[in-house]
Amino acid sequence: MDSSRDPSPDPSDPVVLTGIGCVLPGTPDVHAFWSHVSTGTSQVTRLEKPAFAAAGLPVHAAAQLGAFDTAARLPDLAPAHAAKYNRDILATMAAVGDALADAGITRGQIAPERLSIVQSSSRGPLSWWAETITSGPEQDPYAGKATAMFRGLAGCPATLAAIAVGAKGLVTTVSSACVGGHHAIGLALRELRSGSADVVLAGGHEFPITPEVARCYLGLGDGVLSPEREDPATAVRPYDRDRRGFALGEGAMTLCLERESSARARGARIYARVLGHRAFNEAHHATSMDLVGDVTASVVSGVLDDAGRKPEEIGYVCGHGTATRYNDLAESRALRRLLPHHDDADLPPHGSNKPIYGHTFGMAGIINVAATSLMLHHQRLAPTANHRTPDPECDHDHVAEGPRDTEFDLAVSLSFAFGSQTSVMALEHA
């Protein structure tokens, strides 16, 4: 693309998703991601971190990335550089590169100053900091100034990925807890609609499977972090009467976003249109959310109104779906408030992918939008895995029976976070 062109885009030119790159548990690429999501195949397994057992924590299941094959995933990265980086950086670099490749964009095809990266992480390189703080006198985690700086900064996955792909536009990292992934996409929409960028790589990276993070959620009481021991794959049970909370999940995922006119001009495959985003802060309570449903319903109505669509047209709702009581109830109540004249049987299908990849916090909104876009692209609804006995207050369609082929052109992705945060994305079949 010519970077000297008029930077003022046509406001009617939609933003579309053309590439998905992922480094997730059991999931090396977008094809494996869709296979797991569309069939409800959980990647939550028995926790394999001795530190949890040593600390006596009742956490036995998590979606774990496992070994990262740097040479295979980043063949152009010099081993000397790779040795300075941590998993956060390496996984993000791979996801960013794969998103561009999946979109069919080669290095140099986009003017560097027109290519941007916006990433999200709720806590940054927590594992490195935890290891550093607890290191003994015989260890020197600060050996090599660059190594310590790279591994200790939350923004390094984005900046080092930018160096790898030659992105010279806006490169930044947001930290907004569990709505951060949505916020990253929202910033991408602003960059593209304002003409500041031609392509934005919006993603998230999260590695929260540490005793420190587990203690945070265990401190909130029962029903937040699942204690499931016998069958890890069933640890997360959204909207179910027998829910026990969520499992921790880790990895990196990035989405390639661009304006539809440019995507069509180069013959790109389009997964979905991203119609809009609305972020709302209730500014009410630090840890709880509106349980009546009015707030979420109003935010959904607002983003649909922005796009010229109506709630009655929604064909699927991808919920935040943490399998915690308040989240599950709030989502179901919001749907009833959004469509007050609909019986429960007539509410749009409403599901969660947390049973597949656990709770990935700052990356969760990215996974949601990727999954929702692929459902639109394939015209198939993914099931809510492990949903067996509906909570009486959540007793509507959660696609519990398995994958469902259907025809729909409008979907909504929901995201919530501590700090009174609500976020909604609207997507359309392209």
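## Briefing: sheets, cores and selected residues

Arg46 has Ala61 in β3 as its bridge partner. The model is predicted: local features need pLDDT of at least 70, side-chain atom pairs count only at pLDDT 80 or more, and totals for chains, interfaces and linings use all residues. Residues are numbered from 1 along each chain as its sequence is written, and side-chain values use heavy atoms, with hydrogens and water left out. Helices (H or I, at least four residues) and strands (E, at least two) are DSSP runs, numbered from the N terminus.

**Three-stranded sheet**

- β2, β3 and β7 form an open sheet of three strands, in the order β2-β3-β7, with mixed pairing. Two strands pair if DSSP finds at least two bridges between them.
- β2 (45–46) and β7 (248–249) are the edge strands, each pairing on one side only.
- β2 and β3 run antiparallel and are joined by two bridges.

**Ten-stranded sheet**

- An open sheet of 10 strands shows mixed pairing, in the order β5-β4-β6-β8-β1-β9-β15-β14-β10-β11.
- Its edge strands are β5 (171–174) and β11 (350–351), and each pairs on one side only.
- Eight bridges link β9 (residues 272–281) and β15 (residues 421–428) in the antiparallel sense.
- Arg273 stands opposite Glu428 in β15.
- Helix α9 (residues 180–194) packs on the sheet and touches β1, β4, β5, β6, β8, β9, β14 (410–417) and β15. Contact means heavy atoms within 4.5 Å.
- The direction of α9 makes about 115° with that of β9. Axes are lines fitted to C-alpha atoms, for helices over the stretch in contact, and angles run from 0 to 180 degrees between N-to-C directions.
- Helix α5 (residues 87–103) lies across β1 (15–23), β4 (115–120), β6 (199–206) and β8 (251–259). α5 runs at about 135° to β1.

**Nonpolar cores**

- The largest nonpolar core has 46 residues. Such a core is a set of buried Ala, Val, Leu, Ile, Met, Phe, Trp, Tyr and Cys residues joined through side-chain atoms within 4.5 Å. Buried means under 20% relative accessible area, exposed over 50%, and partly exposed in between (1.4 Å probe, protein chains only).
- Ile20, Phe33, Ile185, Met253, Leu255 and Leu257 have the most contacts inside this largest core.
- Helix α15 (residues 364–378) gives the largest share of this core, eight residues.
- Another core lies apart from it and has 33 residues, including Ile89, Ala158, Val165 and Ala167.

**His60**

- His60 sits in the loop between α2 (50–54) and β3 (61–63).
- His60 counts as buried because its relative accessible area is 17%.
- The His60 side chain makes a polar contact with the Arg229 side chain, at 3.2 Å. A polar contact is a pair of N or O atoms within 3.5 Å; within protein, one must be able to donate a hydrogen and the other to accept it, and residues adjacent in sequence count only if both atoms are side-chain atoms.
- Neighbours within four places in sequence aside, His60 is in contact with Thr45, Arg46, Leu47, Pro227, Glu228 and Arg229.

**Thr210**

- The loop between β6 and α10 (211–218) holds Thr210.
- Thr210 is buried, with a relative accessible area of 5%.
- Beyond neighbours within four places in sequence, Thr210 is in contact with Phe52, Leu126 and Ser127.
- C-alpha to C-alpha, Thr210 and Pro232 are 17 Å apart in space, and 22 residues apart in sequence.

**Cysteines**

- The disulfide count is zero, where a disulfide is a pair of cysteine sulfur atoms within 2.5 Å.
- Cys256 is in no disulfide; its nearest cysteine sulfur, that of Cys22, is 14 Å away.
- Cys256 is buried at a relative accessible area of 0%.
- Cys156 is buried at 7% relative accessible area.
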